[in-house]
Amino acid sequence: GHAAVDKAAGRGTLATIFADRVDRLAVNAGNDPGVLLGRAIGHEVGHLLLGTTTHPSRGLMRARWASADLQGGTPRDWLFTPSEARELQRRVAEGPTPRTARR
């Protein structure tokens, strides 16, 4: 997928999921495409809500998802890190940011 993030504003504007790629990776790894689709959506929405395009080395927000990652590991490997979860909760509690006036 891909998330468009306005780094100056610290918020996301658009997320796209490439369903054909999700399906291909799931089939190649022997996984349920629906589960992988949910993870991909969560990852991209994470970018939108966190307002960043960075990727940690572990968890749902990591950059690369190899077939080996999908075949092994634990459900915990697919969660937001504790610091990401705290930031998500803080941002959601703040509510929406005001939109800038259009000219």
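Hi everyone, a word on the ground rules before we start. The model is predicted, so I take local features at pLDDT of at least 70 and side-chain atom pairs at pLDDT 80 or more, while totals for chains, interfaces and linings use all residues. Residues are numbered from 1 along each chain as its sequence is written, and side-chain values use heavy atoms, with hydrogens and water left out.

Let's begin with the strands. Helices (H or I, at least four residues) and strands (E, at least two) are DSSP runs, numbered from the N terminus. Strand 1, residues 2-6, pairs with strand 2, residues 11-16, in the antiparallel sense over five bridges; two strands count as paired if DSSP finds at least two bridges between them.

Now to helix 1, residues 19-29. Which of its residues are buried? They are Val-22, Ala-26 and Ala-29, where buried means under 20% relative accessible area, exposed over 50%, and partly exposed in between, with a 1.4 Å probe and protein chains only. Looking down the axis of helix 1, you find these buried residues within an arc of 75 degrees, so they line one face of the helix. That arc is taken over the directions from the helix axis to the C-beta atoms. Asp-20, Arg-21, Val-27 and Asn-28 are exposed on the other side of helix 1. And what do the buried residues of helix 1 pack against? Their partners are helix 2 (33-50) and helix 3 (67-71), with contact meaning heavy atoms within 4.5 Å. Just after helix 1 comes Gly-30, with a positive phi of about 70 degrees.

Four residues of the patch come from helix 2, which gives the most.

My last stop is the charges. How many salt bridges does the structure hold? There are three, each being a side-chain nitrogen of Lys or Arg within 4 Å of a carboxyl oxygen of Asp or Glu. Arg-90 meets Glu-87 at 2.6 Å, N to O, and both lie in helix 4, residues 82-94, three residues apart. Glu-87 also bridges to Arg-91, with the closest N and O atoms 2.8 Å apart; that pair is four residues apart in helix 4. Then Glu-94 joins Arg-90 at 2.4 Å between the closest N and O atoms, again four residues apart. An α-helix has 3.6 residues a turn, so residues three or four places apart point the same way. Together Glu-87, Arg-90, Arg-91 and Glu-94 are linked in a network.

As for accessibility, Arg-90 is partly exposed at 39%, Glu-87 is partly exposed at 24%, and Glu-94 is exposed at 52%.
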